[in-house]
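Trainee: Could you take me through one part of this fold up close? I'd like to see how that part sits among its neighbours, and what is going on around it.

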Amino acid sequence: MNTLFRSGLMDGGRILITGGGSGLGRIMALGLAKLGAKVYICGRRQLVLDGAVAQIHAEGGQAAAFVCDIRQSDAVDAMLTAIWADGGPLTGLVNNAAGNFVARTETISIRGFEAVTDTVMRGGFLVTNGCGKRWIAHGDKASVVSILTTWIWNGGPFSTPSAMAKSAVHAMTQSLAVEWGGKGIRLNAVCPGVFPTEGSAKLAQVPDNPMRRAGEPHELANLVSFLLAPGMEFMTGQTIAIDGGAWHATGQNFSALVQWTEDDWDAAKRNAQVQDAKDKAPR
């Protein structure tokens, strides 16, 4: 993984990445571990977490994993208590855990709505506030980076629950940057565009952005490392898009789906069901 930074930049860092076993979370965990941080990852699938930890260890990094449903306050508290007991306070948190699906809003059930918003908004708040209480109680400095989408600026048609939840975390970032700034706790956010992960390693088409390519994993890891790194103590309350200019050029949302027919939606639903079954198979 290409890095902009000197080896050992994050030595002594202790960083929790929610949803860190796969996708963008795994990319960031690998990048931070390579710079010397001990990374803690959490998620709901033990096998996925074990695979990520094994990869980090194989590349010479330090990592530990916790199975945790961040929608549950007791589970979050137990996880944070265990992490603090394992060597002291975290120095950083990456709010990455998320869920989303594409659907016409009038067809979304309350269960579907809560599956997204409880993970992103409720979970993001529970983990951030759980860490914040501990940091404030002991006078610790720390940094939080939340992974959002550009929908916080222009809406997310056909992904309304996600757009609502991500916007809430954006508001939390700006609010707590003010509340906690004097305590040495910084909060920033990143809006990634298309990055190849195990779920999208073979992109079906060239991404629709001015650069005509997907992001490289090291580019995302570098940005998040920059925001978490020592030496950036004056930067807080900021949200940065890393998307090859897609948001400026296209809006980078699903607005084009207003052209879909009933047949298109039926086909998309069948494809989603097949993919969901594949995703749940390793659990």
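Mentor: Let's start with S4 and strand S5 (residues 142-147), which pair in the parallel sense over 4 bridges. Two strands count as paired here if DSSP finds at least two bridges between them, and the strands (E, at least two residues) and helices (H or I, at least four) are DSSP runs numbered from the N terminus. Within that pairing, Val94 stands opposite Val145 in S5. Before going on, keep in mind that this is a predicted model, where local features need pLDDT of at least 70 and side-chain atom pairs count only at pLDDT 80 or more, while totals for chains, interfaces and linings use all residues. Residues are numbered from 1 along each chain as its sequence is written, and side-chain values use heavy atoms, with hydrogens and water left out.

On its other flank, S4 pairs with strand S1 (residues 14-18), again in the parallel sense, over 3 bridges. There Ile15 stands opposite Gly92 in S4. As a rule, side chains in a regular strand alternate between the two faces of the sheet. In S4, both faces are covered: Gly92 and Val94 on one side, Leu93 and Asn95 on the other, are all buried. Buried means under 20% relative accessible area, exposed means over 50%, and partly exposed is in between (1.4 Å probe, protein chains only).

The open sheet has 7 strands in the order S3-S2-S1-S4-S5-S6-S7, with parallel pairing. Strand S3 (62-67) and strand S7 (239-242) stand at the edges with a single partner strand each, so one side of each has no neighbour in the sheet. From one strand to the next, the twist averages 20 degrees, with axes being lines fitted to C-alpha atoms and angles running from 0 to 180 degrees between N-to-C directions. Past S5 comes strand S6 (residues 185-192), and S5 and S6 pair in the parallel sense over 6 bridges; Ser143 stands opposite Arg186 in S6.

So how does the chain get from S4 to S5? S4, H4 and S5 make a right-handed β-α-β unit, right-handed meaning that, with the strands pointing away from the viewer, the path from the first strand over the helix to the second runs clockwise. After H4 comes Gly139, whose phi is positive, near 70 degrees.

Arg134 and Asp77 meet in one, at 2.8 Å, N to O. That pair links distant parts of the chain, with Arg134 in helix H4 (residues 110-138) and Asp77 in helix H3 (residues 73-85), 57 residues apart. Arg134 counts as buried at 17% relative accessibility, whereas Asp77 is partly exposed at 41%. Arg104 and Glu262 meet in another, at 2.9 Å. Arg104 lies in the loop between strand S4 (92-95) and H4, and Glu262 in helix H9 (residues 262-280), so this pair ties together parts 158 residues apart in sequence.

Methods
A salt bridge is a side-chain nitrogen of Lys or Arg within 4 Å of a carboxyl oxygen of Asp or Glu.
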